[in-house]
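Subject: Structure handover

Hi,

Here is the structure for your files. My notes follow below.

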Amino acid sequence: MYASSPASSLPADAPLIVPAYHSLPGADAKIFLDFDGDVTNNWSGYIPGISPAYDTDGDASSFSSGELTNIRETWKRVAEKYSPFDIDVTTQDPGNGTDRETVRVVIGGTGAWFGLSGGVAWPGSFYNGYPNTVFVFPKNLANGVPKFTAEAAAHEAGHAFGLQHQSAYSGTTKLTEYSDGDGVTKAPAMGKSYHTARGLWWNGPSTSGYNIFQDDLAVISNSSNDFGYRLDDIGNTSAAGASLNIDGGGNISGAGIISRMTDVDYFNFTTLGGSYVFNINTAEFGATLDASTWLYSSIGTLLNSATTSSLSEVLAGYLDEGSYSLVIGGAGNYGDLGQYTLSGAIAGAVVPEPATLSLLALSTLLLRRRA
């Protein structure tokens, strides 16, 4: 079994009803974040008994507005971790604990039945017949701070999918069971990521040995779990790309997911010429994507790029009349995957029309421009 390490209000105003959040509705595989309490009398020899509901104000019989806000943030953080995969992170009970369908993450209490830890899971329990329930103990995680709770939930679900710990070594000597990466900007989600800016899927020495590397992404997406990566949402070439969403005022919007290390998303647009600004923003909470962006002409010439150390990026400049592709990808480091949104504006943008009208509309606009 694997345990995650421990991390060093408003009046109650709602019953124990958790809003039904879904990160990928319709996906067959699910991570069910269970915040409203649990009773498990046999967990392969352990007796967890009653796990109270998630509680930060001392009243486990109802959720305050603050607790509901925390629940939403925790869900969003876990959803970001698993966004590359064909799995729905949800707060709605799927009604089953079937192997290769649902892993249930019980979030509540101190886990006194087990001992001081952030949570506990049986390795491979999503597919190997062990109890398909894992536990997270928010009372040991700074009283349920969403970041800590989410890191523990993603970690314990990772064990259910077959992941071991990412450990740190000096030569052949193990320094710590839980690697904390660089200790500041990033750490393995399967190590100790509570106090770093990002907890990422990792490819490094595992608890099994200094020379036994664990490729987290390969393990999660393997045939034992049987859900793999989600389908690519935006094409990886200009020909397969999507039309950039532009309104009548030239404002842009959009969203996507970088789901693989080689994934790039192409957004195509046409302008009659003018200034532009593109904002590529990573996830609101727990961003795992370090975004990069590039702007290409219709013949593939690189015109501008933003690949800074910031997770989000901005492009700005001036374009001549023509067609272009805005391209979004990761920074190229292992684990730079996740969700992003687009905003900004293009002066002179040609607003996409339905396919049957687009050529006529574009011709009319170009004639007006040249008149």
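Beyond its neighbours within four places in sequence, Y318 is in contact (heavy atoms within 4.5 Å) with G273, G274, S275 and Y276. V277 lies 41 residues from Y318 in sequence, and their C-alpha atoms are 8.8 Å apart in space. Y318 belongs to strand 24, residues 313-319. Strands here are DSSP runs of E, at least two residues long, numbered from the N terminus. Y318 is exposed at 56% relative accessible area; exposed means over 50%, buried under 20%, and partly exposed in between, with a 1.4 Å probe and protein chains only.

On provenance: this is a predicted model, where local features need pLDDT of at least 70, side-chain atom pairs count only at pLDDT 80 or more, and totals for chains, interfaces and linings use all residues. Residues are numbered from 1 along each chain as its sequence is written, and side-chain values use heavy atoms, with hydrogens and water left out.

Next, D336. This residue sits in the loop between strand 25 (322-330) and strand 26 (338-346). D336 is buried, at 2% relative accessible area.

Last, strand 10 (residues 133-136). T133 and F135 point one way, V134 and V136 the other, and all are buried. Strand 8 (residues 102-107) runs parallel to strand 10, joined by four bridges; pairing takes at least two DSSP bridges. V136 is the bridge partner of I107. Strand 9 (residues 119-121) pairs with strand 10 in the antiparallel sense, over two bridges. There, V120 stands opposite F135.

Best wishes
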